[in-house]
Amino acid sequence: MQTLLQQIVNGLVVGSVYAVVALGYTMVYGILGLINFAHGEVLMVGALVALSAITFFQSVLPDLHPIAYFVMGLLVAMPVCMAVGYTIERTAYRRLRNAPRLAPLITAIGVSFLLQTLAMIIWGRNYHSFPQLIQTAPIEIVAGVFMTPVQMTTVGVSAAMMIGLVILVTRTNMGRAMRATAENHRVASLMGVDTNRIIALTFIIGSALAAVAGVMIASNYGVAHYSMGFLPGLKAFTAAVLGGIGNLAGAMVGGIVLGLVEAIGAGYIETWTGGWLNSSYQDIFAFLILGIVLIFRPTGLLGERVADRA
Amino acid sequence: MNNISQAIPFLGSRNPKAALITLVVLVLTAPLFAGLFGNTWVRILDFALLYILLAIGLNLVVGFAGLLDLGYIAFYAVGAYTWAFLASPHFGLHLPFYVVLPVGAAFAALAGIALGFPTLRLRGDYLAIVTLGFGEIIRIFMNNLTHPVNITNGPQGIDQIDGMTIPLVGLELNRGLQVTDDFKISSLFLYYYVFLAFVVLAVILVKRLQVSRIGRAWAAIRDDELAAKAIGINTRNLKLLAFAMGATFGGVAGGLFGAFQGFVSPESFTLMESIAILTMIVFGGMGNLAGVIVGALALSFLPEVLRHIALPIQQALFGKVYLDPEVLRMLLLSLAMILMMLMKPAGLIPAQSRYSRADLLGDKEARHDQAA
Amino acid sequence: MKQTVIALALLGLGISAAQAQEVIKIGHVGPLTGNIAHLGKDNENGAKLAVEEYNAKGIKIGGKAVKFELIGEDDAADPKTGTTVAQRLVDAGVKGVVGHLNSGTTIPASRIYDQAGIPVITPSATNPKLTQQGYKAVFRTIANDVQQGAVIGKYSAQKLGKKVAIIDDRTAYGQGLADEVDKGVKAGGGQVVAREFTNNQATDFMAILTKIKATNPDVIVYSGMDAQGGPMLKQLKQLGINAKWITGDGGCTGEIIKLAGDAINANTYCTQAGLPLDQMPGGKDFKERFKKKFGADVQIYAPYAYDAAAAIIEAMKKANSSDPAKYLAALKSSNFKGVTGVVAFDDKGDIKAGSVTVYQFENGAWKALKN
């Protein structure tokens, strides 16, 4: 029982990170129908920029509270990532809005390589130790089940960002403009929505989310590296599709479900299959569950059922 | 072929026949020219041919039938592992290539159907992520099927795989061909011509396929699935056929890869490879056979050329090496991908929206028929 | 026409060979891009240091002063790229190769070197299969997985505790080593209570560690690299697991100490083939020279890469020739004091003095134990 509870906690932590990253994918997809492959790399940039910023502030302003450094790191990483996100949209995607469907996918992959290579030039090839400014000493929440403050923060921040985003999209004028753009660019622009601006804003918000996710991942695991964006990016994309891509609630549900499935799958597969399979198959759960869900619900868990149209 | 030959500057459009002959001669003598710069380039050429084969196969699925497949490398893996199982000391089997290659192709086709069947209802990006997952699942299984019975030898891979032996003449490609006592044709050259034969076969096959009933039906499904259904096209069977045929090409290429490389391990079949092949066909011009071939060639050579010149260029320009050659290579490659797509989003040689039979076959009679 | 082209090709090769007489090229291959690029660069620097130091000494071979040149290539840890760059080195006319870093790339590449008759010495590919392929000129300056795995397994079972859990990263290195550890544990009278798996890009190990926790092991063996080992140690602490933890040479680095932060303690052990850098005959000195030259710390295998390059040069000196066919015999009978210890190979090409040292973490550093 303890073990199961602990696995659920593990799954929730991983899942909430997936969920935040998935939000970025889903927002861009919802508006542009584009898989922004470079999203995972923006996350990496966020983590590494925060690392440099924290190291810098620690040397010029010693004796501050650790949380202060953490916040400063975040405050530097977010604008940098927003700028990166905006630049990517402006230079690599905007001109391709009416191009054949796969062209932006290739530029996205190109951008992702480019960001990785630039990060490798700037921060080097080594794995960096990321300062763990939020407490990592485990707290026993129930008998034998542990959770650390940094994990709690991760879950909390993720939840807050998701709620904030939902409010932004459903309750504000900007959100309405975003939804209108997602529905139909042309009509939206006829109605006076500056669609270019809205699309750029979507990228900027998505990148800010990625920056936060990057800093949370790096603080949680205590490492940062130029290739750290790829795997969370892939998993989050899977989560976004699982939940129904383009749907904010779907991204959250998809992320949490994926995290739970992975943790519980890795923990129990050996028992379930009588030792035939084991945790070396951990990474197939994400895809298996995705395959199964999509067979029965071809547009994901919460995706809208689109009628076939000509 | 015509398309590529016409792309040759000056000569192409003015004198198609001469252009075609030039192209054939170029293709036949390419390894000799490459050999001038060292065997590396012949090896790169060999790999380029394998990539062309893969690109042609993937183009069937993505370019012709419009099914976005991000896990294509799985079929390559199935072909390569089949060769490794049936022609290496791993299971002690040493079957000849004319048995192993068809078996590998058949397994790959089965895998294609296995992937196609559950995903029939999926569209676009949903299909993309499921195929991506399929590719990863296959790789993870290859990496872990060592327990309870050792099938794939896990991450250690399978080594000492037999090379290819041409029956009747008994030519072992791995050994090279000893012409006279002190003149030997290296195995790299022999593999080039064998791979070339497969590529030519594939090109002919695909060209015929494209104008056939099946090819036109695929185009219909790609352009509008609902309309295709409405005019009585059996979309289910045709989609499965696209997956199976695309997979077959992958399987054959995989088998050839196993024989050529002599070693297979799961590291060769990562997601990045699937993406690389997709990039080739989009870069070259999806749906256009000539474009796909040019794309595969360009992206096989570009990184290697960059690898070759990155160091000397910096030394010449600045007299000092600022960036490691491999970093510069990645930098330039990614920039090339972005800029290329921005300038020519439909690829180097874009597909036309509509092909007449005559365009595709370069067939005078058919052109005549149409005129009449 | 074809004949002329071939003739031209031969001529071209002839010219480049003629120019290369003053300079002896030695190749190095490792991943310089990808997620273990830092280790690849480390190896390359190790080999580079050897080459430059020998150059500074002014070596004469066959009566002529020669200069060694290191040609570094990147295989991105990918087997296909590995064979391509191997061919590049062969074409460039290298007389010997240091590399590759991974077993997965070294095995297919060794076939190409063998066909070209060029000796290859790997400083870090530890898969036993590499030297069992029957090639004549494949060597390694590091103990292989069998040697090291047996030590880890036995040491764990006999000194650290009977109940052992093993985690590996499903790479050729990790899995190969873990299988040997498994055998070693059983041979040492211990019991393997769990075998769990992760991968070499993972950062989250909570699920498998939670599962291991339920089996209540005395010791956890991790067979993989430092980049995963560091975060894993932190997560052990987060889950309140107090078992001892031991890893092989992939995690026996200074890097893991940084990455693990306060989660590394006296319960943490690691093993490394050969002697510790500080206790290597030339270790301390090497560390300083390396730092001075490249402004970076030694990661893991640089001393082994240094010795591999040195073995090639020493053999050339002894045979008084840079022709692979001639100096191969001298290489086989190598016997000199390198940075890592005495470099001498057995008949398969594995290092003879394949001693393995166990380390324990103490006062911010790895401290060698006498086993």
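1. About 4300 Å² is buried between chain B and chain A, and carbon and sulfur atoms give 77% of that area. Buried area here is the accessible area (1.4 Å probe) that two parts lose on being put together, summed over both. The model is predicted, so local features need pLDDT of at least 70 and side-chain atom pairs count only at pLDDT 80 or more, while totals for chains, interfaces and linings use all residues. Residues are numbered from 1 along each chain as its sequence is written, chains are lettered from A and ligands numbered from 1 in the order in which they are written, and side-chain values use heavy atoms, with hydrogens and water left out.

2. In this interface, 44 residues of chain B are in contact with 51 residues of chain A, contact meaning heavy atoms within 4.5 Å. A salt bridge is a side-chain nitrogen of Lys or Arg within 4 Å of a carboxyl oxygen of Asp or Glu. Five residue pairs, both at pLDDT 80 or more, are in polar contact between chain B and chain A. A polar contact is a pair of N or O atoms within 3.5 Å; within protein, one must be able to donate a hydrogen and the other to accept it, and residues adjacent in sequence count only if both atoms are side-chain atoms.

3. Three helices of chain B, α7 (124–144), α12 (271–284) and α14 (325–343), each supply at least two residues of the side that touches chain A. Of the elements, α7(B) gives the most to that side, with 12 residues. By class, the side of chain B that touches chain A has 31 nonpolar, six polar and seven charged residues. For these classes, Ala, Val, Leu, Ile, Met, Phe, Trp, Tyr, Cys and Pro count as nonpolar, Asp, Glu, Lys and Arg as charged, and the others, Gly among them, as polar. Helices (H or I, at least four residues) and strands (E, at least two) are DSSP runs, numbered from the N terminus.

4. Between chain B and chain C the buried area is about 3300 Å², of which carbon and sulfur atoms give 52%. In chain B, R43(B), Q156(B) and R307(B) lose the most area to chain C, together 18% of what that side buries. The contact takes 40 residues from chain B and 37 residues from chain C. There are 15 residue pairs in polar contact between chain B and chain C, both at pLDDT 80 or more. The largest share of the side of chain B that touches chain C, six residues, comes from α4(B). That side has 15 nonpolar, 17 polar and eight charged residues.

5. The rule finds one salt bridge across the interface of chain B and chain C. K129(C) forms a salt bridge with D159(B), and their closest N and O atoms are 3.8 Å apart.

6. Over all chains, the count comes to 27 salt bridges. One of them is formed by K211(C) and E270(A), with the closest N and O atoms 2.7 Å apart. K211(C) lies in helix α7 (residues 206–215) of chain C and E270(A) in helix α10 (residues 248–272) of chain A, so this pair joins two chains. K211(C) counts as buried at 14% relative accessibility, while E270(A) is partly exposed at 26%. Buried means under 20% relative accessible area, exposed over 50%, and partly exposed in between (1.4 Å probe, protein chains only).

7. Within chain B, K239(B) forms a salt bridge with E225(B), with the closest N and O atoms 3.1 Å apart. K239(B) is in helix α11 (residues 235–261) and E225(B) in helix α10 (residues 225–230), so the pair ties together parts that are 14 residues apart in sequence. K239(B) is buried at 4% relative accessibility, and E225(B) is buried at 16%.

8. Within chain C, the side chains of D182(C) and R195(C) meet in a salt bridge (3.4 Å, N to O). Both residues are buried. Salt bridges that share partners join D168(C), R170(C), D179(C), D182(C), K186(C) and R195(C) into one network.

9. A nonpolar core is a set of buried Ala, Val, Leu, Ile, Met, Phe, Trp, Tyr and Cys residues joined through side-chain atoms within 4.5 Å. Of the 227 residues in the largest nonpolar core, I56(B), W83(B), W218(B) and L278(B) touch the most other members. Helix α4 (residues 39–64) of chain B provides the largest share of this core, 18 residues. A second, separate core of 68 residues includes L39(C), F286(C), I312(C) and I313(C).
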